[in-house]
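Here is a briefing on one protein chain. Look over the sequence and the fold, then read the points by topic.

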Amino acid sequence: RQRQMCIRDSLQKLAQCLVDHNEKELATEVLEFAVSTGTDVSRTYYLLASIYQENGQKTRIRELITAASSLNTMMKDSIIQKLESILASTSSQEQL
């Protein structure tokens with residue numbers, strides 16, 4: 001369990017570094033992989049959602065919400081709430 005947490009945290013840090021260096025496509029791949037492993041690192045979901053938001057990919061944010069719904073962690077509700085907030089702001093940006 002501790003090893004998995006270390007790997008998942010490392011994936012999130014790698015993705016953040018890639019975003020910081022404007023490598024968002026590669027960061028997206030890393031983050032999507034992390035989500036596919038069932039990570040409970042909330043920053044992974046938030047960073048990926050923000051990339052999707054920048055690209056107007058509401059469907060992908062909804063998919064993230066679905067993935068987060070299957071988590072077995074105390075952070076689950078918090079992650080879902082934040083993702084729903086990002087989705088709502090994406091929808092409101094489209095109306096501008």
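A salt bridge here is a side-chain nitrogen of Lys or Arg within 4 Å of a carboxyl oxygen of Asp or Glu. By that criterion the structure holds five salt bridges. The model is predicted. Its protein chain has five helices and zero strands.

**Overall fold**
- Along the sequence, the protein chain reads α-α-α-α-α.
- The radius of gyration is 13 Å, close to the 12 Å from the globule rule for 96 residues, so the chain is as compact as a globular protein of that length.
- The C-alpha trace spans about 45 × 30 × 15 Å along its principal axes.
- Of the contacts with a separation of 6 or more, 51% join residues 24 or more positions apart.

**Surface and charge**
- Buried residues make up 35% of the 96 residues.
- The protein chain exposes about 6,000 Å², and carbon and sulfur atoms supply 50% of that area.
- There are 11 positive and 12 negative side chains. The centres of the two sets lie 6 Å apart.
- Side chains of opposite charge can pair when their charged atoms come close.

**Salt bridge Asp9–Arg43**
- The side chains of Asp9 and Arg43 meet at 2.7 Å, N to O.
- This pair links distant parts of the chain: Asp9 sits in helix 1 (residues 2–20) and Arg43 in helix 3 (residues 42–54), 34 residues apart.
- Asp9 is partly exposed, at 24% relative accessible area. Arg43 is also partly exposed, at 42%.
- A network of salt bridges links Asp9, Lys13 and Arg43.

**Salt bridge Lys24–Glu54**
- The closest N and O atoms of Lys24 and Glu54 are 2.7 Å apart.
- Lys24 lies in helix 2 (residues 24–36) and Glu54 in helix 3, so the bridge ties together parts 30 residues apart in sequence.
- Lys24 is partly exposed, with 27% relative accessibility. Glu54 has a relative accessible area of 52%; the cut-off for exposed is over 50%, so Glu54 counts as exposed.

**Salt bridge Arg60–Glu63**
- Arg60 and Glu63 form a salt bridge at 2.9 Å, N to O.
- Both are in helix 4 (residues 58–69), three residues apart, so about one helical turn separates them.
- Arg60 is partly exposed at 31% relative accessibility, and Glu63 is partly exposed at 42%.

**Helix 5 and Ser89**
- Ser89 is found in helix 5 (residues 76–94).
- Its relative accessible area is 26%, so Ser89 is partly exposed.
- Ser89 and Gln53 are 36 residues apart in sequence, yet their C-alpha atoms are 8.5 Å apart in space.

Key
Residues numbered from 1 in each chain as written. Predicted model: local features only at pLDDT ≥ 70, side-chain atom pairs only at ≥ 80, totals over all residues. Heavy atoms only, no water. Helix = DSSP H or I, 4+ residues; strand = E, 2+ residues; numbered from the N terminus. Rg over C-alpha atoms; globule rule 2.2 N^0.38 Å. Buried < 20%, exposed > 50% of the residue type's maximum accessible area, 1.4 Å probe, protein only. Contact = heavy atoms within 4.5 Å. Areas by Shrake-Rupley, 256 points an atom, 1.4 Å probe, with all protein chains shown as cover. Lys, Arg positive; Asp, Glu negative; His and termini not counted. Charge placed at Lys NZ, Arg CZ, Asp CG, Glu CD.
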